[in-house]
Amino acid sequence: MPETDDSSCVYKNRDAPVEARVKDLLSRMTLPEKIGQMTQIERSVASPQVITHSFIGSVQSGAGSWPFENAKSSDWADMIDGFQRSALASRLGIPIIYGTDAVHGNNNVYGATVFPHNIGLGATRDADLVRRIGAATALEVRASGVHWTFAPCVAVLGDPRWGRCYESYGEDPKIVCEMTSLISGLQGEPPEEHPNGYPFLAGRNNVVACAKHFVGDGGTDKGLSEGNTIASYEDLEKIHVAPYLNCIAQGVSTVMASFSSWNGSRLHSDYFLLTEVLKQKLGFKGFLVSDWDGLETISEPEGSNYRNCIKLGINAGIDMVMVPFKYEQFIQDITDLVESGEIPMARVNDAVERILRVKFVAGLFEHPLADRSLLRTVGCKEHREVAREAVRKSLVLLKNGKDTDTPFLPLDRNAKRILVVGMHANDLGNQCGGWTKIKSGQSGRITIGTTILDAIKAAVGDKTEVIYEKTPTKETLASNEGFSYAIVVVGEPPYAEMKGDNSELTIPFNGNNIITAVAEKIPTLVILFSGRPMVLEPTVLEKTEALVAAWFPGTEGQGIADVIFGDYEFKGKLPVSWFKRVDQLPLNADADSYDPLFPLGFGLTSNSG
Ligand code: GLC
């Protein structure tokens with residue numbers, strides 16, 4: 001049990017200034033307690049004994065690391081509160097901070113609202129909507145007992161061959177800067193006079209945010225995940241550092257280092273970028289967390305000489321290490337490094353001060369356990385309406401009719417007979433994309449939500465016959481039992497990180513041929529679910545009546561029906577240039593020879609061709 005009584009402890013006094021609480025607590029800590037605060041472990045290796053014995057400062061759920069499959073928010077809260085009680089029972093009673101990737105809603109948790117991925121939010125150009133998404137996400141995350149989300153990703157997209165393209169708000173730094181408003185939603189809006197760079201959290205209905213991945217993650221050569229961003233410092237600053245100024249101005253409490261490199265220098269050991277730029281030049285006062293096992297990226301081959309990686313990473317400016325499994329080795333090595341003087345005690349104190357500052361600002365000492373009253377917000381109607389609005393505004397209309405005089409959309413909801421085709425038409429997992437339920441995502445009815453087929457059936461008149469075929473049959477295509485029109489829903493399967501790195505970018509599962517086969521017989525609207533622009537064959541462009549980029553819309557498929565049947569207008573604008581051929585890549589609007597199929601910012605309305 002804690003040995004310190006409340007009365008003599010400044011750090012336990014909720015009315016004392018944060019910096020006084022930090023200073024007081026730091027002065028009471030032993031080296032093992034300080035090193036424990038710098039250690040983040042994955043929940044699968046966490047236990048009351050480990051948390052207490054190693055003074056662990058943070059526990060996380062890697063994507064898909066639930067208490068059990070289809071665990072509800074209350075099950076998550078039970079698990080995390082269990083860990084928390086162990087931490088509170090330690091000598092100084094320092095609470096853990098529990099983190100997870102809630103990157104488009106609380107996407108690991110069954111029944112949570114799943115919002116469109118960032119590429120779709122970039123298409124909305126609606127910073128206030130993104131802020132409201134952050135606020136809704138914060139409630140659902142706190143309801144599950146989680147204090148910290150590893151979001152937003154503020155990568156500026158350089159090349160759609162990157163497997164994390166959909167995690168970016170787009171290729172234009174200005175769009176990405178505007179969409180950092182998610183942070184004010186997640187953490188709460190900082191007061192006008194809030195000191196720049198100082199962490200901020202409005203209260204128990206908010207979560208600690210994490211701007212990631214610092215810096216240049218979206219600009220790697222050929223879009224290779226964890227690759228090398230080749231750029232002058234001026235360009236790096238103008239393009240990739242820019243969004244962090246907006247994040248820090250909003251009081252972002254944490255930043256995550258990138259797996260990638262800059263001109264061959266691994267970010268996780270780059271003192272100039274992590275300390276001189278982020279902490280000194282930009283004035284960031286929160287804490288910098290490594291990426292998953294990120295210290296190992298420092299060595300070649302990865303993972304060799306782990307002790308040296310720890311020395312380089314911590315001395316470069318990493319404050320908390322997402323270990324996440326081999327914490328005994330990490331603790332032993334960093335302890336040796338500090339005791340030998342290879343890591344200065346001043347560096348450890350700076351890291352621990354930053355971590356404690358965020359924990360105090362986040363109110364974790366006052367409110368360490370889950371607020372069960374928030375459980376009613378999980379997947380609630382109000383949040384699903386915000387998600388539905390986001391889906392509507394994210395849709396980009398690329399083609400509407402053979403010419404401007406004959407727009408094809410909006411569709412006739414009282415048509416006699418319509419055909420819906422494609423493996424994405426009735427698949428919630430495909431609709432949500434990666435980072436949903438598990439890191440790579442999962443096809444099928446993985447959570448609670450509305451597929452686009454569900455939404456179409458609900459939207460059309462009761463005399464309209466809707467025929468659905470996952471793959472169009474020859475009989476259907478040959479039949480002359482007139483279909484008024486067809487809706488073909490195809491695209492990419494869920495994926496994440498380097499599993500999504502792709503240099504071909506053709507629509508998988510024979511998508512282009514399916515589209516053409518249907519469009520040759522029936523007037524066709526194509527809806528593409530993808531994390532990025534994809535190759536559109538000339539026949540697709542020629543033979544289809546209309547074409548909509550829907551990105552990965554999440555659980556609220558009604559948002560698509562709202563727009564294609566004309567209840568709402570198309571508003572989406574491309575957040576990324578749409579190439580003609582992959583040999584044009586990288587293709588960005590600021591390039592001299594810019595020859596896209598559809599330019600950055602393109603988007604029709606349904607009363608325009
Ligand atoms: C991953 C990702 C990062 C994520 C972290 C924890 O490898 O790079 O975005 O937050 O690990 O899941």
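Student: Which residues make up domain 1 and domain 2 in the domain assignment of the protein?

Tutor: The model here is predicted. The domain assignment divides the protein into two named parts, and domain 2 covers residues 395-584. Domain 1 covers residues 10-376.

Student: How many residues of domain 1 are in contact with domain 2?

Tutor: The centres of domain 1 and domain 2, taken over C-alpha atoms, are separated by 36 Å. Contact is a matter of heavy atoms within 4.5 Å. On the side of domain 2, 37 residues take part, and on the side of domain 1 the number is 41.

Student: How much area do domain 1 and domain 2 bury between them?

Tutor: Of the area buried between the two domains, 56% is on carbon and sulfur atoms. The total that domain 1 and domain 2 bury is about 2,900 Å².

Student: How many salt bridges does the rule find across the interface of domain 1 and domain 2?

Tutor: Side chains of opposite charge can pair when their charged atoms come close. The side chains of Glu-69 and Lys-437 meet in a salt bridge, at 2.5 Å from N to O. Across the interface of domain 1 and domain 2, the number of salt bridges found is two.

Student: Which helix gives the largest share of the side of domain 1 that touches domain 2?

Tutor: Across the interface, the rule finds 24 residue pairs in polar contact. By class, the side of domain 1 that touches domain 2 has 18 nonpolar, 14 polar and nine charged residues. The largest share of that side is four residues, and these come from helix 5 (residues 118-124).

Student: Why does the salt bridge of Arg-372 and Asp-81 tie together parts that are apart in sequence?

Tutor: The side chains of Arg-372 and Asp-81 meet at 3.0 Å, N to O. Arg-372 lies in the loop between helix 13 (345-361) and helix 14 (381-394), while Asp-81 lies in helix 4, so the parts that the pair ties together are apart in sequence by 291 residues.

Student: Is the peptide bond from Ala-151 to Pro-152 cis or trans?

Tutor: Most peptide bonds are trans. Pro-152 lies in the loop between strand 4 (148-149) and helix 7 (173-179). Omega for the bond from Ala-151 to Pro-152 is near 10°, and the bond is cis.

Student: What is the phi of Asn-70?

Tutor: Most residues other than glycine have a negative phi. Asn-70 is in the loop between strand 2 (58-61) and helix 4 (73-88). Although Asn-70 is not a glycine, its phi is positive, at about 60°.

Terms used. Residues are numbered from 1 along each chain as its sequence is written. This is a predicted model: local features need pLDDT of at least 70, side-chain atom pairs count only at pLDDT 80 or more; totals for chains, interfaces and linings use all residues. Side-chain values use heavy atoms; hydrogens and water are left out. Domain bounds come from an automatic or database domain assignment. Buried area is the accessible area (1.4 Å probe) that two parts lose on being put together, summed over both. A salt bridge is a side-chain nitrogen of Lys or Arg within 4 Å of a carboxyl oxygen of Asp or Glu. A polar contact is a pair of N or O atoms within 3.5 Å; within protein, one must be able to donate a hydrogen and the other to accept it, and residues adjacent in sequence count only if both atoms are side-chain atoms. Helices (H or I, at least four residues) and strands (E, at least two) are DSSP runs, numbered from the N terminus. Ala, Val, Leu, Ile, Met, Phe, Trp, Tyr, Cys and Pro count as nonpolar, Asp, Glu, Lys and Arg as charged, and the others, Gly among them, as polar.
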